[in-house]
Amino acid sequence: MTHHPASAGPAAQPEFAGGLDLAALPEAGFGFPGPLRDRLVAAVLDGSKTATTGVAAAYEHEGEALPEPGQRSVVVDSDGRPVAVIEITEVRVVPLREVDLAHALDEGEGDESVAAWRRGHEDFWHGPEMRAAMDDPQFTVDDDTPVVLERFRLIADLRG
């Protein structure tokens, strides 16, 4: 589903893993805590999720720069525990209408068409949690909404 912009602060637990200083890396939260995040994190960990999509306006709202290739972040589970480190390999900002099937498939959520992918993402983006996060009870997306398409690779599984 949707990658929620990384928090500005470091990962919750300053640790070292495989030479990585986790405290120096921003957090990556996929979706919001709960069943959706649990499914998305599991897909990252099993390798089926190698892409994610965010609304560009969410980065602006949070005062965060857009992600860039080479950036690493700590994936956190619904309890805020660091479970993985990912590295961004590609970032594109496109209008929502330009999301292609390859990207939808690489999100690893089981969508078999762009239309199915979009329905699920619009449900998320138009949902109460996203609207609250955007401080806009009417927040909506349309064909022209800029979205941030990220591709990433799993660098480390931190589950021990």
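How many residues does helix H1 have, and what span does H1 reach from its first C-alpha to its last? In this predicted model, helix H1 covers residues 35-46, a run of 12 residues. The distance from the first C-alpha of H1 to the last is 17 Å, close to the 16 Å expected at 1.5 Å a residue. Just after H1, glycine 47 adopts a positive phi of about 90°.

The buried residues of H1 are Leu36, Arg37, Leu40, Val41, Ala43, Val44 and Leu45. Their packing partners are strand S4 (27-30), strand S6 (72-76), strand S7 (82-95), helix H4 (114-125) and strand S8 (146-157).

In soluble globular proteins, nonpolar side chains tend to be buried together. The largest nonpolar core of the model comprises 28 residues, and those with the most contacts inside this core are Phe30, Val75, Trp125 and Met130. Two or more residues are given to this core by each of S4, H1, S7, H4 and S8. The largest share, 5 residues, is that of H1. Another core, of 8 residues, lies apart from the largest one and includes Val76, Val85, Ala156 and Leu158.

Helix H4 also contains glutamate 122. This residue counts as partly exposed because its relative accessibility is 21%, the cut-off for buried being under 20%. When residues up to four places away in sequence are not counted, glutamate 122 touches Leu96 and Val141.

Technical notes:
Residues numbered from 1 in each chain as written. Predicted model: local features only at pLDDT ≥ 70, side-chain atom pairs only at ≥ 80, totals over all residues. Heavy atoms only, no water. Helix = DSSP H or I, 4+ residues; strand = E, 2+ residues; numbered from the N terminus. Expected span 1.5 Å × (residues − 1). Buried < 20%, exposed > 50% of the residue type's maximum accessible area, 1.4 Å probe, protein only. Contact = heavy atoms within 4.5 Å. Core = buried A, V, L, I, M, F, W, Y, C linked by side-chain atoms within 4.5 Å.
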